[in-house]
Amino acid sequence: MPEIATATPQMLRRFNAATVLGAIRSSNAVTVSELMDATGLTRATTISVCEDLMARGWIRELEKDSDTYQKGRPARRFELDESAGCVLGIDVGVLKTTVVVADLRGKTVGRASQPFRAREIEAEERIRVISQTALIALEAAGVAPDTVLAVTVGLAAPVGRDGNILVSQPFWSLFDVGLKKALHDLHGWAVMLENDANLAALGECWRGAGSGVQDLAVLLAGERFGAGLVESGRLLHGSRGGAGEMAYLDMVDGVGSADGLAALARLWAAEALAGKSKTTLRTAVPAGHEVTAQHVFAAAAQGDKVALGILDRLSDRLARVVSTVAILLNPELVVIGGAVADSASVLLEPAARKLAAYTATPPRLAASPLGDAIVGIGAVRHALDHVEKNSLDLVLRRA
């Protein structure tokens, strides 16, 4: 039989500190009694943890409210010192990187985005752009680099539980550039890597359409389909980080590839323009420019028949992709996320009708309200989780 680990006093201290800090972070100001109700800890343990967190600079005690009559001693109240440090959420795409700086409540206080010079560049150049973007975001936030407590980076590649990238396809090698070590060496930051769709799922559960939902999938559906999967409130990774990878769509009849909605809209529109179809897309696309998904959605909104036909094909593709997820995992909700989410909202109703014909247990469909910030928001949540779990080990350095 496997050996069962016994909780040590140090493990209990860490767990209690993380539990109390999480409860205080999610509230404006809380009393000891409220913390006891939220955490299940005893009064003595709660007070001890709060005093420890105060001594370390994570929380502060508020002055007693002398204007409110209360029999006996006034209740002690605590609040998070959200300026005690910050976290970074970094979204690394193929063509650009975006960095979000957030305080310890998860509020965005700075943001920056920069393009990469080209799709395929040397690792050193990619690292340099990401590092510079992070420093620009920190400057915009008005905080010093040495106040960063944790950094989470979202990548369009499978990442295992050990934080390492699984490189088995040429596309994924674009992200295997040694970023974790490089950012630590440059700035001393604790850096964690995670799959971008997994982070999208965390972000959606935290601040999006998935709030309160225990079983859901978040599809990043722009250039390529990728899924972040949550089952019974837990993010699924798989044995080597491959859960949610959708390369299998190459083998699905009626789908044939993992190309996302934006990529397919461009492809099918270009095919229509190469033929003799009568469409307003011919005049909507500036000379010398390529047709985009935005052109297609805009033309469809004006009633263009070719564009409407493309949207019908897109809704069918979406329904087929969602049905594969529904058959395997049976989620309650599937959220379409990423930059394409706003445009894709018009596909949800026709996709839902078609989905009912493809699976006996169709999930609800929703478009994410988080837009292209979804991965960065999830990265911030991931970094905050790390900070709370390791609060007893982190040293706060105020700006």
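**Reading the packing**

Biologist: Leaving aside neighbours within four places in sequence, which residues are in contact with Leu 314?

Modeller: Contact means heavy atoms within 4.5 Å. By that test, Leu 314 touches Leu 261, Leu 264, Ala 265, Trp 268, Phe 297 and Leu 347, sequence neighbours within four places aside. The model is predicted, so local features need pLDDT of at least 70 and side-chain atom pairs count only at pLDDT 80 or more, while totals for chains, interfaces and linings use all residues. Numbering runs from 1 along each chain as its sequence is written, and side-chain values use heavy atoms, with hydrogens and water left out.

Biologist: Which residues have the most contacts inside the largest nonpolar core?

Modeller: Such a core joins buried Ala, Val, Leu, Ile, Met, Phe, Trp, Tyr and Cys through side-chain atoms within 4.5 Å; buried means under 20% relative accessible area, exposed over 50%, partly exposed in between (1.4 Å probe, protein chains only). Here the largest has 44 residues, and Leu 219, Phe 225, Leu 261, Leu 314 and Leu 318 make the most contacts inside it. Another core lies apart from it, with 31 residues including Val 32 and Val 100.

Biologist: How many disulfides does the whole structure have?

Modeller: Look for cysteine sulfur pairs within 2.5 Å: a search of the whole structure finds zero. Cys 50 counts as buried because its relative accessibility is 0%, and Cys 86 does so at 2%.

Biologist: Which side chain of opposite charge is nearest to Glu 204?

Modeller: Arg 364, at 10 Å. Lys and Arg count as positive, Asp and Glu as negative, with His and chain ends not counted. Glu 204 is buried without a salt bridge (a Lys or Arg side-chain nitrogen within 4 Å of an Asp or Glu carboxyl oxygen). Among its contacts beyond four places in sequence are Val 218, Val 335 and Leu 370.
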